[in-house]
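Here is a short briefing for a reader new to this structure. Please look over the sequence and the model first.

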Amino acid sequence: MSDFPFLSILTLLPLVGAAVVAFIPRSKAELAKLVALVWSLVVLALSIFMWAAFAVDGDRFQFHESYPWIPAWGANFTFAADGIALVMLMLIAILFPVVILASWHDVDQSKRSAPAYFALLLTFEFTMIGVFAAADVFLFYVFFEVMLIPMYFIIGSFGSGQKQYAAVKFFLYSLVGGLFMLAAVIGLWVVGGRTFDFAELAQGAGSLDTNTARWLFLGFFVAFAIKAPFFPFHTWLPDSGGAAPAGAAALLVGVMDKVGTFGILRYCLSLFPEASRWFAPAALTLAVIGIIYAALLAVGQNDLKRLVSYTSIAHFGFIGIGIFAFTTQAGTGAVLYMVNHGLATGLLFIVVGMFVARRGSALVSDFGGAGKLVPVLAGVLFFAGLASLALPGTAPFVSEFLVLIGTFSTHKGFAVVATLGIILAAAYVLWMIQRTTQGTLNPALTEVPAMSKDITLREKVVVAPLIALLLVLGFYPKPVTDVINPAVQATLQDVGTTDPAPTAVADGKVGG
Amino acid sequence: MEQTVEFAPATGVLSLIWLLVAIPLASAAVLLLLGRRADKWGHWLGVLSVAASFVLGLVFFANLAGLESGSRSAELSLWEFIAVGKLQVDFGLLFDPLSGVFVLLITGVGSLIHLYAVGYMEHDPGRRRFFGYFNLFVAAMLLLVLGNNYVMLYFGWEGVGLASYLLISFWYTRPSAATAGKKAFLMNRVGDAGLAIGIFIMFATLGTTDYGAVFNGLSGLSATTVLVLGLLLLIGACGKSGQFPLQAWLPDAMEGPTPVSALIHAATMVTAGVYLIARSNPVYTANETLQLVTVAVGAITLLMGCIIGAAKDDIKRVLAWSTVSQIGYMFLGVGLGGGAYALAIIHLLAHGFFKANMFLGAGSVMHGMHDQVDIRRFGALSKHMKITWLTFATGWLAIIGIPPLSGYFSKEPIIAAAFEREVAWEAWVFGLAALLGAGLTAFYMTRLFVLTFHGPARWTEDNQHPHESPLIMTIPLILLAIGSVAAGWLMSTSVADWLTPVFGAEQAEPHGVLSHTMITILSLVVTVIGAGLAWSLFRRGTALEPQPAGVVVTAARRNLYTDAFNEAVFERPGIYLTRALVFLDNKGVDGVVNGIAAAVGGGSGRLRRLQTGFVRSYALSMLTGAMLVVGAFIAIQLGWLV
């Protein structure tokens with residue numbers, strides 16, 4: 001089964017689907033939605049097969065495929081997945097059908113074309129799968145740039161509020177980051193033996209000149225730091241997250257932003273190990289500032305979607321320290337965080353979208369006491385909030401705990417400051433809950449008929465799988481950590497770091 | 001002489017201890033997922049699940065008692081929870097003498113309070129939801145005491161925090177309830193952060209979070225590390241147990257329904273901090289400074305609770321401050337260490353009975369008085385609510401420590417132990433604090449009792465017909481009253497021996513600054529003085545309006561200005577900082593980047609175009625940002641080259 005060309009088929013499948021959906025006439029909007037949903041479910045089914053075929057104890061990279069593309073440059077269509085890419089591909093496969101179902105009525109009210117919207121979503125899935133499945137640096141770069149296009153149109157054409165402003169800002173931030181990466185990609189090709197193949201480049205990583213490697217690292221890092229986003233490159237995200245349709249926003253922070261952290265893990269760390277170690281203190285500093293800074297900003301937001309965007313920036317800070325702490329626990333925690341954050345923040349964005357769709361406004365001050373009207377929906381919002389503040393029993397606890405405990409063993413100060421972030425997380429979640437669903441009922445809400453309609457069957461089907469996954473992985477995360485762990489260890493081997501021994505054991509005072 | 005901690009694997013019936021947690025958890029899931037469909041019978045499922053856990057707890061307890069005293073423990077690993085590199089954390093449970101008594105307290109008192117709540121919440125449309133949360137609490141609390149490593153403890157620790165939040169803000173449409181719930185969760189998270197960092201230290205130094213391995217590895221740690229570790233755990237304990245300086249949330253938690261106050265905010269959850277320190281006794285015993293700090297926290301808190309409690313007029317708030325104060329005694333006990341560990345646990349169990357009894361009694365009074373909570377508006381209720389009056393009386397006599405009720409057997413030995421500190425000034429300071437606390441306790445509890453049940457009736461106009469509560473509420477009261485009377489004597493004779501495997505045998509010779517007989521006499525004298533004073537002051541009732549008061553009483557009414565301090569030092573600056581950052585992020589970080597771009601692009605006139613999405617400005621803004629980073633890099637490089 002592992003000879004089956006999973007990755008190329010997975011990548012192309014949604015593109016074909018997008019083409020099919022795009023050709024469905026506007027008058028048959030329901031058919032377009034149905035085709036898009038079924039198509040994304042087929043992708044999910046195939047991904048599950050791929051997960052089953054992945055050998056946890058096997059090679060670091062599996063499902064390797066390579067087809068010639070531009071022989072003169074040595075660029076190939078090379079696909080391969082390690083455990084890190086595998087869990088991200090699985091996350092994509094799970095989130096897309098959920099988001100498609102959640103976005104069912106998003107276009108109905110507007111004058112826009114529903115088939116176009118769902119075709120864009122499938123196109124976006126194509127670029128997402130491609131960027132994580134690529135094992136050729138040039139191919140990765142191309143997907144990295146192409147993925148902007150569907151999201152640009154989703155925000156710009158189907159968003160709300162200052163959507164044009166947000167879309168352009170999003171595009172330019174990413175594009176400029178991409179230009180830095182392009183420069184670094186070309187530089188890498190020149191000094192790295194005129195190849196784009198990741199495996200070959202990683203092997204030659206040690207022979208790069210120190211200064212050159214640091215410059216190249218920086219080119220990649222700036223692109224990824226904008227994408228993730230890390231403080232101070234973050235200001236595009238609240239605008240985009242606030243303007244994008246809620247489902248698309250879930251994909252934006254749940255999947256697309258992970259390309260940044262994934263890129264750092266795969267490309268910065270493995271290709272420039274010395275530079276990664278050299279830059280680590282700076283990166284850790286940015287990440288920790290981001291945790292505290294963005295959490296404080298989230299507390300102060302009056303727009304639900306912007307609020308969730310800021311919580312995401314804080315969460316990316318945790319992922320950032322996990323990556324640059326260079327321990328097995330922190331690294332595995334960071335990757336697990338990427339998955340769990342996709343589920344938790346994805347759920348949060350989707351539920352916020354359900355509230356916004358009912359109220360016709362995303363402003364916190366337009367709610368108040370809504371729990372009285374929509375108790376179940378308020379309960380789901382609360383659960384999503386709990387997952388976001390990493391309560392034990394929900395999956396994000398495991399990843400946050402791993403990141404912090406792993407970081408503490410190498411960087412005590414950073415870990416302690418980051419731990420204070422869990423207090424702020426409780427503050428922004430609970431205050432948001434209090435202002436929207438608790439307290440006296442805002443009289444304006446009773447005048448909106450939609451606000452008295454509690455969760456529908458479709459909405460239950462949307463949230464149920466995410467809630468179930470968050471709980472199951474909260475109690476039994478091992479199936480996922482076992483997949484991630486070897487890939488993280490291989491990455492840390494590339495970086496050239498080893499876990500510190502427990503200090504008391506290292507001193508020989510306690511038998512290890 | 002190092003003692004090695006070892007736990008025996010669970011065998012036979014004891015391998016089913018996971019059911020203790022699973023049953024209430026399953027019940028909570030059913031109640032919350034089925035929704036209104038379970039409204040008719042949900043509360044009975046809630047009661048039954050806790051009762052079932054209690055019965056199982058008794059069976060397991062008997063089994064544990066049947067084991068040889070040397071291997072009286074049962075450790076059970078359910079599944080691998082986290083296994084990454086050297087970090088190995090199992091979903092593991094430990095049933096030993098310490099967790100055993102907690103299981104019986106939680107499920108035993110819990111069953112009675114669940115039963116009581118069936119009556120108390122009868123007319124509340126959210127009763128099923130209430131029982132769902134209540135069961136969730138019991139499950140989390142049992143996990144907290146049954147975990148065999150600190151991560152499991154943390155799991156339950158935050159779980160009870162969640163349940164506490166849900167139940168404090170149960171009547172979520174009241175803004176005060178929603179605020180109180182949030183406040184409780186936030187202050188608890190401050191403590192949780194401390195506990196979490198403590199766990200990180202264990203892993204970084206010892207490579208494990210299992211109780212046994214941590215305790216056995218302590219000898220390899222420096223004194224400073226042990227001190228820091230213990231202080232971090234103490235922060236966690238203070239947050240959960242409402243101890244100074246994290247006490248402010250507990251009185252506000254009275255916004256929740258009264259059964260919640262009785263079970264969570266008196267009998268069980270708030271004693272989790274005592275459990276944490278008692279469980280970690282090898283850590284605390286290993287460092288004298290750590291013990292001194294813990295004793296000081298206990299002494300400060302117990303006096304603070306008494307003083308504030310004496311100035312409050314809300315029956316539940318008086319009881320809440322009393323809880324703060326009584327847990328102060330427990331902290332004092334666990335801080336003293338040695339034989340006092342067991343004394344603190346005995347006081348914890350006795351307190352579980354008499355305080356639950358009084359909270360439920362207060363609920364019964366409120367039930368008969370249309371939810372009135374102001375003790376100035378009670379009086380003469382002894383004639384109308386005989387069962388409530390008599391059961392409350394046992395709780396009152398127990399807490400002030402009148403022999404032979406339970407409080408006498410559990411509190412007086414802690415006072416005596418405080419006088420036995422090795423350093424003389426410590427013995428005097430902490431001993432006298434505990435003694436003074438006993439007198440103050442007698443004063444404020446007698447004030448509460450007399451104003452509620454005796455003296456002239458001072459009822460409001462609309463509320464002239466107080467009535468006794470139904471049997472479903474009075475039966476738990478009677479059972480808890482029996483416990484309040486008898487428990488102390490029973491436990492003081494056997495519990496200390498039972499806990500020996502956990503705390504080690506008591507070796508210290510009594511060498512106090514005062515003889516034990518002297519302390520007994522003194523504590524009875526201050527108790528009688530405090531109670532007599534209160535009785536004579538309040539037997540004719542009290543003014544219905546707040547009276548002008550001196551500095552001390554005014555300060556006590558305002559919680560000794562601790563809330564004002566928190567507001568001035570944390571809340572207000574926090575709010576201003578947040579507002580400033582929101583402004584800065586919108587106008588600053590974004591604005592600076594965009595602004596530099598505009599300047600580079602040629603004049604401020606272009607700033608306006610930013611808002612319409614002027615493409616070149618953005619490109620420039622990004623370029624500027626990136627140039628800044630590159631510039632910084634070059635600067636570092638140059639410095640590095642030099």
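The points below are grouped by topic.

This is a predicted model: local features need pLDDT of at least 70, side-chain atom pairs count only at pLDDT 80 or more, and totals for chains, interfaces and linings use all residues. Residues are numbered from 1 along each chain as its sequence is written, while chains are lettered from A and ligands numbered from 1 in the order in which they are written.

**Chain B overall**
- Chain B has 25 helices and two strands; helices (H or I, at least four residues) and strands (E, at least two) are DSSP runs, numbered from the N terminus.
- Of its 642 residues, 58% are buried, meaning that 20 or more other C-beta atoms, placed from the backbone, lie within 10 Å of the residue's own.
- Among contacts in chain B with a separation of 6 or more, 80% join residues 24 or more positions apart; a contact needs C-beta atoms, placed from the backbone, within 7 Å.
- UniProt, in an unreviewed entry, places "domain: NADH:quinone oxidoreductase/Mrp antiporter transmembrane" at residues 148-435 of chain B; such annotations may be inferred rather than shown by experiment.
- Residues 148-435 of chain B are 75% helix and 0% strand, with end C-alpha atoms 37 Å apart.

**Helix α2 of chain B**
- The 25 residues of α2(B) (residues 42-66) should span 36 Å at 1.5 Å a residue, and the end C-alpha atoms are 36 Å apart, so the two agree. The expected span is 1.5 Å times one less than the number of residues.
- Buried residues of α2(B) include B:Gly42, B:Val50, B:Phe54 and B:Leu64.
- Their cover includes α1 (18-34), β1, β2 (87-95), α3 (97-120) and α4 (127-146) of chain B.

**Where the chains meet**
- In chain B, 55 residues are in contact with 62 residues of chain A.
- α6(B) supplies the largest share of this side of chain B, 15 residues.
- By class, this side of chain B has 35 nonpolar, twelve polar and eight charged residues. Nonpolar here means Ala, Val, Leu, Ile, Met, Phe, Trp, Tyr, Cys and Pro; Asp, Glu, Lys and Arg are charged; the others, Gly among them, are polar.

**The nonpolar core**
- The largest nonpolar core has 441 residues, and A:Leu89 and B:Ala434 have the most contacts inside it. Such a core is a set of buried Ala, Val, Leu, Ile, Met, Phe, Trp, Tyr and Cys residues joined through C-beta atoms within 7 Å.
- Beyond its neighbours within four places in sequence, B:Ala434 is in contact with residues including B:Ala299, B:Tyr329 and B:Ile414.

Note on methods. Buried ≥ 20, exposed ≤ 12 C-beta atoms within 10 Å, placed from the backbone. Contact = placed C-beta atoms within 7 Å.
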